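These exercises go with the structure shown here. Each has a task and a worked solution.

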Amino acid sequence: MSTRTIYLDHAATTYVKKEVLEAMLPWFTENYGNPSTVYSIGRASKKAIEEARETVARIIGAEPREIFFTGSGTEADNWAIKGAAYANMKKGKHIITTSIEHHAVLHTCQYLESEGFEVTYLPVDEYGLVTPEQVEAAIRPDTILISIMFANNEIGTIQPIAEIGKIARAKGICFHTDAVQAMGNIRINVSDLNVDMLSMSAHKFYGPKGVGALYIRKGVKLTSFMHGGAQERGRRASTENVPGIVGLAKALELADKNMDEYNRKLIALRDRTIEEIEKKIPFVRLNGHREKRLPGNVNFSFEFIEGESLLLMLDMKGIAASSGSACTSGSLDPSHVLLAIGLPHEIAHGSLRLTFGEENTDEDVDYLMEVLPEIVQRLREMSPLYEEIRNKNSDGHK
């Protein structure tokens, strides 16, 4: 086993940056007061939350009162979709989303179907894109919510959110975007995007796990997701995770400050990796849009192999990667995203997602490309299908 550890799964989670941890620590040990109390250490916690709210709002072009802290991106998605559905059910029960959403959206929509709502799951093209025209054509008189993810967590494809938002705004329909993968990787301004709600999660941009946020444009009707105390202006009960909230704001602030340099680096690593894989390994397919994709996302399908075996062998070489969403790693089914873009089951099973981050280097790509072709070849040699193709190609050249 290699002593090297090369982490190429930043879409699953990132480490907590030193500056973020340092900002969080005092709120665990010294300033531990409950923000709902009136004494000084409680007031200090309350002030820290409000300062974090102002930071997040400033970075995404919102007002502080439009930012609500949650326990995760999944919670933010659930709140946005269920909250908007229940608040507007007297106007209609139709929801529009896509077939490649994260399960935090898909499973929430499926739950609402069991509650009597109707959901249209829009198909995507071979690159994972949905068009504004598709969205507009799916709108009905009883449509009350549209939820389209900003960027796909598996294949990295970025959707035309601003154009879709413009349609939703013109029709007076609430528009939510799951921006969990995009936040911290792409500059986001909620006004430019015409969104009514936007979800984010701190651990995707070098913040802590267990804290997220939901932007809710002022005037949007939304039922409360959690009931209890009066936290988050009575809309999300539960004692606030003060260290996590402080960490989310600090991480987002750092991401915003360093984004241009960060993206230049990630795009260079991404594009070089795509080029090398296509050059050195036959029978591969790049999944997702070649240009409209997240800066650090590489997703390939390798014919004649199983993705799980590929991941295990990469791990033995000290490379951490994934075959899709970390939230479905226990599932034996192929990725719903890859099936939605038209891949057959056997090819979808042979997928590899590499997502780069701040600490990755060109040397990491060198090492990856030193071991990946060998691993793929070794696995293919165990495949009777590959042997058959190789024999056909050999016969054709005699």
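The exercises below cover cavities, aromatic rings, backbone angles and contacts. The model is predicted, so local features need pLDDT of at least 70 and side-chain atom pairs count only at pLDDT 80 or more, while totals for chains, interfaces and linings use all residues. Residues are numbered from 1 along each chain as its sequence is written, and side-chain values use heavy atoms, with hydrogens and water left out.

**Exercise 1. Cavities**

Find how many cavities of 30 Å³ or more there are, and describe the lining of the largest cavity and of the second largest cavity.

Solution. 

Step 1. Rolling a probe the size of a water molecule over the atoms shows where empty space is left. A cavity is a set of points, on a 1 Å grid over the protein atoms alone, where a 1.4 Å probe fits but cannot get out; lining residues have an atom within 4 Å of a point. Grid points are joined across faces, edges and corners, and the volume is the space filled by probe spheres set on the points.

Step 2. The count is 2 cavities of 30 Å³ or more.

Step 3. The largest cavity has a volume of about 150 Å³. Its lining has 16 residues, and His10, Ala11, Gln181, Asn185 and Phe356 lie nearest its centre. Sort the lining by residue type: Ala, Val, Leu, Ile, Met, Phe, Trp, Tyr, Cys and Pro are nonpolar, Asp, Glu, Lys and Arg are charged, and the others, Gly among them, are polar. For the largest cavity this gives 6 nonpolar, 9 polar and 1 charged.

Step 4. The second largest cavity holds about 90 Å³ of space. It is lined by 13 residues, with Lys17, Gly184, Tyr206, Ala255 and Tyr262 closest to its centre. The lining of the second largest cavity splits into 7 nonpolar, 3 polar and 3 charged.

**Exercise 2. Aromatic pairs**

How many aromatic pairs does a search of the whole structure find? Classify the pair of Phe68 and Trp79.

Solution. 

Step 1. A pair of aromatic rings is described by the distance of the centres and the angle of the planes. Rings of Phe, Tyr and Trp (its six-membered ring) pair if their centres lie within 6.5 Å; planes under 30 degrees apart are stacked, over 60 edge-to-face, and the rest tilted.

Step 2. The search finds 6 aromatic pairs. In the pair of Phe68 and Trp79 the ring centres are 5.8 Å apart and the planes are at 80 degrees, so the pair is edge-to-face.

Step 3. Phe68 is in strand E2 (residues 67-70) and Trp79 in helix H4 (residues 73-87), 11 residues apart.

Step 4. Buried means under 20% relative accessible area, exposed over 50%, and partly exposed in between (1.4 Å probe, protein chains only). Phe68, at 1%, counts as buried, and Trp79 is buried at 0%.

**Exercise 3. The surroundings of Tyr206**

Where is Tyr206 found, and which residues join Tyr206 in a cluster of ring pairs?

Solution. 

Step 1. Tyr206 is found in the loop between E7 and E8, and counts as buried because its relative accessibility is 4%.

Step 2. The ring centres of Tyr206 and Tyr262 are 6.2 Å apart with planes at 80 degrees, so this pair too is edge-to-face. Tyr262 lies in helix H10 (residues 242-280), 56 residues from Tyr206.

Step 3. Ring pairs link Tyr15, Tyr206 and Tyr262 into a cluster.

Step 4. A charge sits over a ring if NZ of Lys or CZ of Arg is within 6 Å of the ring centre and within 35 degrees of the ring normal. Lys17 lies over the face of Tyr206, 5.0 Å from the ring centre.

Step 5. Most residues other than glycine have a negative phi. Tyr206 is not a glycine, yet has a positive phi of about 70 degrees.

**Exercise 4. Phe304 and Asp364**

Is Phe304 buried or exposed, and what joins the side chains of Asp364 and Asn360?

Solution. 

Step 1. Phe304 lies in the loop between strand E10 (297-302) and helix H11 (307-316). With a relative accessible area of 19%, Phe304 is buried. Its phi is positive, near 75 degrees.

Step 2. Asp364 lies in helix H14 (residues 362-380) and is buried at 9%. A polar contact (a pair of N or O atoms within 3.5 Å; within protein, one must be able to donate a hydrogen and the other to accept it, and residues adjacent in sequence count only if both atoms are side-chain atoms) of 3.1 Å joins the side chains of Asp364 and Asn360.

Terms used: 1 Å grid on protein atoms, 1.4 Å probe; cavity = no way out; pocket = protein on both sides within 12 Å on 5 of 7 lines; lining within 4 Å. Helix = DSSP H or I, 4+ residues; strand = E, 2+ residues; numbered from the N terminus.
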